[in-house]
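Subject: Structure handover

Hello,

Here is the structure I promised to pass on to you. Could you open it alongside this email as you read?

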Amino acid sequence: MALQSFLGWLERENITLHDGLEIVESQDAGISVRSTCDDFIPLSQTVASIPKSSILSVRTCALAEHISSVPYGHGATLSLALALYSEILRGPESAWHPYLRSLPSATVPIARLWCDPHAFPDDVDAREAARWIHGTEPQRELQDEDGSPLVDEIRAFYKSDVQPLLDSAGMSASLHGFLHAYSLVCSRAFLVDAYHGLSMVPVADAFNHTHENHVQMASDFHVCPICGSLHECPHDKEDILPSPSLETPPARTKTSIDSDTVDMVTVRPIPPHSEVFNTYGADLGNASLLARYGFALDAASDTDIVTFGWPGSGILVDSDEDMVAFRMVHKEALRATRDIICGSTLLFAPNEDEREARWLMINSDGQVSLGLFIWAVWSALMEGPQTGMEGLPDPDLNVALLQLLPRAAKALRQIEAAREEEGDEHELEIADDLACQLLEGAAEALASLCRTRASGMGKKGYRGASAVLLTKILDNLPAEQAKTKLALEYLLAERALLEACAVGWEDIRDQLSGESIGGGESDMEP
């Protein structure tokens with residue numbers, strides 16, 4: 001019944017769907033989009049078109065003049081959650097009522113809320129799952145840059161903004177209801193344009209996620225941030241500047257934004273009689289999917305990584321000054337070492353435009369990023385053998401580091417190249433003793449970093465437990481503990497990645513120290 005009402009609403013709102021597609025609903029999976037065609041739907045076809053006047057945003061909700069528009073970040077999620085919750089509470093009076101009835105009625109099981117009893121009352125599974133992801137990559141998604149839990153910020157926002165506004169509007173609000181709206185925003189919202197910002201987009205959110213997606217969203221982002229116009233408007237004049245009085249237009253105005261749409265366009269052919277998928281982000285790994293969307297993909301992909309540089313990760317940049325210095329060293333080191341480390345099985349160079357959040361990381365192949373290698377060589381330089389550079393001021397140390405990094409990388413590649421030569425059993429000799437000393441120290445630092453991270457992950461009392469024991473716990477979980485199952489599966493996958501990385505660098509360390517020629521035993525219990 002709700003689906004039929006929603007489909008009727010789409011027609012009234014001039015939201016169109018390709019004739020060869022249909023929106024379907026199942027009890028387990030909810031709403032999805034499927035092809036009804038006997039043939040492939042080709043590339044570059046617009047298969048859904050949603051007028052921007054029909055999307056739900058902070059700008060278009062009934063309480064728009066009372067809700068601050070935040071362009072990005074967690075603040076944008078909170079503001080949209082308030083806008084969405086206010087429309088849910090309006091019931092049939094809401095202009096989006098048929099659309100809202102098509103959304104999940106229960107809180108989406110996003111890991112961000114597993115630890116909050118108001119989100120999942122009497123849900124033992126949610127609390128247990130939260131314990132198992134401690135110290136893992138999803139933890140990064142559950143806290144702010146300072147390491148404070150996001151749930152604390154959510155509760156504070158509810159008390160300071162949500163409850164007072166909705167009480168004044170005569171609406172009966174609850175923290176549980178707001179967390180439900182928050183979970184819908186996390187799992188379904190899209191960044192639309194400079195005016196609407198983060199928004200709920202009917203139909204677009206019906207396409208489920210995969211990395212091998214058939215469609216992607218297309219929207220003209222550069223609209224007037226004051227009125228949303230795609231075309232020339234009075235705000236384009238140089239003598240009219242944005243002011244607070246112009247920042248909140250009347251709610252749900254149908255002006256020039258009617259001619260502006262959000263479209264779903266094919267990026268690969270859609271097979272006949274199959275589900276049609278979008279992607280929520282090409283670089284989203286299972287950590288992000290668990291935290292923001294409440295599910296994980298079965299197959300591991302190159303988006304499943306381990307990052308460092310955040311509170312609880314094992315490495316933390318102490319100050320803005322240190323970050324500035326690191327940026328400079330990373331930029332120069334990338335130029336000096338990219339060709340050297342090309343082809344390495346232990347080390348990789350990211351793209352120059354790679355986000356800073358990914359500079360300190362281990363990729364899905366167990367390779368460490370250049371940034372993480374810089375950290376390791378720096379650690380070896382500070383804590384290793386006497387090099388004659390003790391006591392130098394930081395700028396001079398940075399210069400020395402940039403001189404030594406290519407040498408250490410070259411020594412690593414010489415070892416790897418020697419291993420690749422079949423039948424080469426003679427002892428490897430590298431003339432650069434200092435480079436070898438630094439590489440040995442860096443290898444020890446990287447292996448120790450991986451071991452320490454892995455030993456601190458998971459439920460208290462089971463941190464550092466063998467993979468065999470954790471797998472046994474996983475296998476014996478009852479079916480109703482779906483969240484705990486997702487958490488344990490993620491924990492085991494991240495531990496395996498850290499294990500693979502640690503073993504590789506321990507092998508390098510042992511070869512340089514003369515303990516073995518390669519193929520060293522693991523220090524971690526299987």
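Below are the notes on strands, salt bridges and surface charge.

First, the ground rules. This is a predicted model, in which local features need pLDDT of at least 70 and side-chain atom pairs count only at pLDDT 80 or more, while totals for chains, interfaces and linings use all residues. Residues are numbered from 1 along each chain as its sequence is written, and side-chain values use heavy atoms, with hydrogens and water left out.

**Strands**

Helices (DSSP H or I, at least four residues) and strands (DSSP E, at least two residues) are numbered from the N terminus. Two strands pair if DSSP finds at least two bridges between them.

Let me start with strand S4 (residues 46-51). Of its 6 residues, 5 are buried, so the rest of the structure largely encloses S4. Here buried means under 20% relative accessible area, exposed means over 50%, and partly exposed lies in between (1.4 Å probe, protein chains only). S4 pairs antiparallel with strand S1 (residues 16-17) through 2 bridges, and Thr16 has Ser49 in S4 as its bridge partner. With strand S10 (residues 261-266), S4 forms 5 bridges, again in the antiparallel sense; Thr46 stands opposite Val265 there.

Elsewhere, 3 strands make an open, antiparallel sheet in the order S5-S7-S6. Its edge strands, S5 (56-57) and S6 (190-191), each pair on one side only. S5 is joined to S7 (residues 198-200) by 2 bridges, the two running antiparallel, and Ser57 faces Ser199 in S7.

**Salt bridges**

Searching the whole structure gives 23 salt bridges, each defined as a side-chain nitrogen of Lys or Arg within 4 Å of a carboxyl oxygen of Asp or Glu.

- Arg407 and Asp432 form a salt bridge, with their closest N and O atoms 2.8 Å apart. This pair links distant parts of the chain, 25 residues apart: Arg407 is in helix H11 (residues 394-420) and Asp432 in the loop between H11 and helix H12 (433-455). Arg407 is partly exposed at 34% relative accessible area, and Asp432 is partly exposed at 23%.
- Glu444 and Arg509 meet in a salt bridge at 2.8 Å, N to O. They connect helix H12 (Glu444) with helix H14 (residues 482-513, holding Arg509), 65 residues apart in the chain. Glu444 counts as partly exposed at 35% relative accessibility, whereas Arg509 counts as buried at 17%.
- Glu494 and Arg453 meet in a salt bridge at 3.4 Å, N to O. This pair also links H14, through Glu494, with H12, through Arg453, across 41 residues. Glu494 is buried, with a relative accessible area of 3%, and Arg453 counts as buried at 4%.

There is also a network of salt bridges that links Lys52, Asp193 and Asp260.

**Surface charge**

Which residues gather in a patch of negative charge on the surface? They are Asp318, Asp320, Glu321 and Asp322. A patch is made of residues with over 30% relative accessible area and no salt bridge, like charges being joined within 9 Å and nonpolar side chains (Val, Leu, Ile, Met, Phe, Trp, Tyr) within 5 Å. Asp and Glu count as negative, Lys and Arg as positive, and His and the chain ends are not counted. Asp322 belongs to helix H9 (residues 320-341) and counts as partly exposed at 36% relative accessibility.

How values were computed: Accessible areas come from the Shrake-Rupley method with a 1.4 Å probe; for residues, only the protein chains shown count as cover. The place of a charge is taken as NZ of Lys, CZ of Arg, CG of Asp or CD of Glu.
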